[in-house]
Amino acid sequence: MVDIIEEPVGKDKRKIFRVKKEDLIAAMKSFFEQGFDHLSLITGIDRRDKIEVVYHLHSVERNEYIVVKTETINDTVPSVTSIWQSADWDEREQYDLMGIIFEGHPNLKRILLPEGWSGFPLRKNYDLSKVQFVNMDESGNDYASFDPGDGW
Amino acid sequence: MEISEPTNKYVELNMGPQHPSTHGVLRLKLLLDGETVKKVEPIIGYLHRNAEKICELDYYCDSLIYFDRMDYVNSLSMEAGYLEAAEKLLGIEPPERAKWIRTIMAELSRIASHLVWAGAYGLDMGMLTPFFYVFDLREKLLDIFTEASGSRLLTNYMSIGGVYQDFNEKIIFMIREFLETFPKKLEEVFNLFVKNDIFISRTKGIGILEKDVAISYGVTGPMLRGSGVEYDVRKAEPYLMYDKVNFDIPVSYSKDCLGRFLVRYEEMRQSLKIVRQALDKIPEGPYFNPKAKKSLMIRLRGDGEVYARTESSKGEFGVYIVGDGSVKPYRVRVRSPTFKNLSVLREIGKDVMIADLVAISGSIDLVFGEVDR
């Protein structure tokens with residue numbers, strides 16, 4: 001039995017559901033079967049001691065919009081790519097910028113930042129004073145390093 | 001010297017990031033079998049500024065300019081999208097006149113965006129002529145934006161609690177003049193496209209996007225309506241004054257590039273219809289909420305969380321703001337429609353010719369300020 005706790009609606013009058021990380025896949029499957037065929041957005045929020053992952057689900061047919069929330073303390077969350085295709089790039093983006101590891105994602109690598117970037121910019125403890133330089137290697141792929149003269 | 005047989009059947013090719021047909025800085029990694037594309041992988045991030053992080057470091061009122069710079073050909077719709085979320089979070093309601101002004105400006109901006117797209121799409125298809133006609137038409141709109149805000153492209157016209165300055169008689173006259181002259185000229189440009197055999201044969205039946213694939217990939221906007229789904233945020237969840245005006249949602253059931261072209265063309269005409277009604281209905285009154293006047297603006301505090309979605313010219317543009325009771329947002333997340341629309345290229349760009357891939361990627365309406373944010 002999946003534990004889905006309904007929370008009071010926010011300022012935008014959307015229904016909010018909170019599920020445990022272990023129940024996420026089962027809960028999402030049940031939402032998908034209820035007609036929520038469009039995963040609009042995946043957001044990671046750094047709450048300092050834990051990371052909150054927010055899913056905005058939408059049913060195109062019924063025009064209903066709900067919010068599903070879960071949280072994690074060790075940065076890992078099960079991937080929902082098996083349910084919605086659009087989760088693929090969204091999860092890659094959240095991995096890239098927030099450092100959430102989506103278990104079971106087929107191709108979890110950086111999407112906006114170049115390979116080798118150190119740190120996750122949207123984390124609250126990210127050091128903005130450190131400058132990193134983007135270089136290109138001989139096959140045309142970008143990579144980041146702290147040395148401006150490095151690279152091709 | 002012995003020439004050995006090639007061991008690999010497929011050739012890997014990079015298209016972009018400086019390729020003229022990729023609309024900015026899109027890099028496509030192609031796996032080719034002859035001239036047929038077997039696999040396509042879009043590589044993005046060349047224009048990444050991390051606007052979400054910058055917004056976290058700024059006051060609520062200051063973040064607006066970064067939204068201008070996301071979709072720079074449609075900046076007024078972007079501003080309306082951000083303010084929809086920020087005003088709900090801060091609890092500030094703009095006066096009715098400001099809402100009507102925003103509706104008019106967002107619709108004019110949508111027309112400008114579709115015009116740029118049509119011109120650039122013509123260039124992709126090897127037609128140079130429509131580009132000049134279209135940019136001439138767009139210049140009239142930019143004149144209106146300049147008159148209202150003082151700036152052509154990155155307008156920064158709206159602000160929390162209203163708009164920067166009221167519509168004067170000159171702007172209303174310019175818009176009315178535009179409404180009168182535009183439909184005929186648009187028809188002329190439209191004929192340049194659809195009466196051209198090459199354009200038709202390069203777009204008809206190319207890039208078929210099925211309905212369920214589109215929804216699963218999160219595709220919205222003219223691309224989704226081009227696949228036969230009647231879905232528009234302006235109707236589904238009306239914001240600003242869209243529930244007080246009368247307009248239709250154009251839908252194409254052909255699911256191809258030509259369908260998307262026709263949807264955008266009809267959308268421009270519907271936008272004109274909205275602007276015409278809005279000009280008649282716009283009431284007199286204040287254009288700014290005094291609760292958010294300039295000296296108080298940086299002291300506005302937001303608590304709780306809001307997700308607001310609006311229909312930009314590319315699709316569902318969503319802004320999710322989480323506040324923690326301070327003068328700066330705790331987390332800002334942007335749902336950019338083109339980011340999702342581009343991800344479907346992996347699906348519809350498979351098993352096509354390279355020349356068709358240009359037609360397909362052009363029909364997505366890519367603006368890289370928004371994809372990479």
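B:N50 is found in the loop between strand 3 (36-43) and helix 1 (51-56) of chain B. In this predicted model, the phi angle of B:N50 is near 55°, a positive value in a residue other than glycine. B:N50 has a relative accessible area of 9% and is therefore buried, the limit being under 20%.

A residue of chain A also has a positive phi without being glycine: A:R48, with a value near 70°. A:R48 sits in the loop between strand 3 (38-46) and strand 4 (51-59) of chain A. With a relative accessible area of 63%, A:R48 is exposed.

## The interface between chain B and chain A

The contact between the chains involves 46 residues of chain B and 46 residues of chain A. About 3,900 Å² is buried between chain B and chain A, and carbon and sulfur atoms give 51% of this area. Of the area that chain B buries against chain A, 17% is supplied by B:Y307, B:Y330 and B:R333, more than by any other three residues.

Between chain B and chain A there are 9 salt bridges, and 25 residue pairs are in polar contact across the interface, both residues being at pLDDT 80 or more. Strand 6 (residues 303-311) of chain B gives the most to the side of chain B that touches chain A, contributing 6 residues. Divided by class, that side of chain B has 20 nonpolar, 8 polar and 18 charged residues.

## Salt bridges between the chains

Over all chains, the structure holds 41 salt bridges. One salt bridge joins B:R346 to A:D88, with the closest N and O atoms 2.8 Å apart. Another is formed by A:K124 and B:E56, where the closest N and O atoms are 3.1 Å apart. This second pair crosses between chains, from A:K124 in the loop between strand 7 and strand 8 of chain A to B:E56 in helix 1 of chain B. A:K124 is partly exposed, at a relative accessible area of 26%, whereas B:E56 is buried, at 7% relative accessibility.

A network of salt bridges links A:R18, A:R47, A:K50, A:E52, A:K69, A:E71 and B:E305.

## The two domains of chain A

The domain assignment divides chain A into domain 1 (4-108) and domain 2 (113-152). The C-alpha centres of domain 1 and domain 2 of chain A are 29 Å apart. In the contact between them, 9 residues of domain 1 of chain A meet 6 residues of domain 2 of chain A. The two domains of chain A bury about 790 Å² between them, with 55% of this area on carbon and sulfur atoms. A:D46, A:D96 and A:L97 supply 58% of the area that domain 1 of chain A buries against domain 2 of chain A, more than any other three residues.

The count between domain 1 and domain 2 of chain A is 6 residue pairs in polar contact, both residues being at pLDDT 80 or more. Helix 2 (residues 87-98) of chain A gives the most to the side of domain 1 that touches domain 2, with 4 residues. By class, this side of domain 1 of chain A has 4 nonpolar, 1 polar and 4 charged residues.

## A salt bridge across the domain boundary

The interface of domain 1 and domain 2 of chain A contains 1 salt bridge. A:R123 forms a salt bridge with A:D75, the closest N and O atoms lying 3.1 Å apart. A:R123 is in the loop between strand 7 (101-103) and strand 8 (133-136) of chain A and A:D75 in the loop between strand 5 (64-72) and strand 6 (76-78), so the pair ties together parts that are 48 residues apart in sequence. A:R123 is buried, with a relative accessible area of 15%, while A:D75 is partly exposed at 23%.

B:G226 lies in the loop between helix 9 (222-225) and helix 10 (233-236) of chain B. At 0% relative accessibility, B:G226 is buried. Beyond its neighbours within four places in sequence, B:G226 is in contact with B:S252, B:S254, B:K255, B:D256, B:R260 and B:V263. B:I364 is 138 residues from B:G226 along the chain, and the C-alpha atoms of these residues are separated by 11 Å.

B:R225 forms a salt bridge with B:D232, the closest N and O atoms being 3.5 Å apart. B:D232 is buried, with a relative accessible area of 2%, and B:R225 is likewise buried, at 0% relative accessibility.

How values were computed:
Residues numbered from 1 in each chain as written. Chains lettered and ligands numbered in written order. Predicted model: local features only at pLDDT ≥ 70, side-chain atom pairs only at ≥ 80, totals over all residues. Heavy atoms only, no water. Contact = heavy atoms within 4.5 Å. Buried area = accessible area lost by both parts, 1.4 Å probe. Salt bridge = Lys/Arg side-chain N within 4 Å of Asp/Glu carboxyl O. Polar contact = N/O pair within 3.5 Å; in protein donor to acceptor, adjacent residues only side chain to side chain. Helix = DSSP H or I, 4+ residues; strand = E, 2+ residues; numbered from the N terminus. Nonpolar A, V, L, I, M, F, W, Y, C, P; charged D, E, K, R; others polar. Domains from an automatic or database assignment. Buried < 20%, exposed > 50% of the residue type's maximum accessible area, 1.4 Å probe, protein only.
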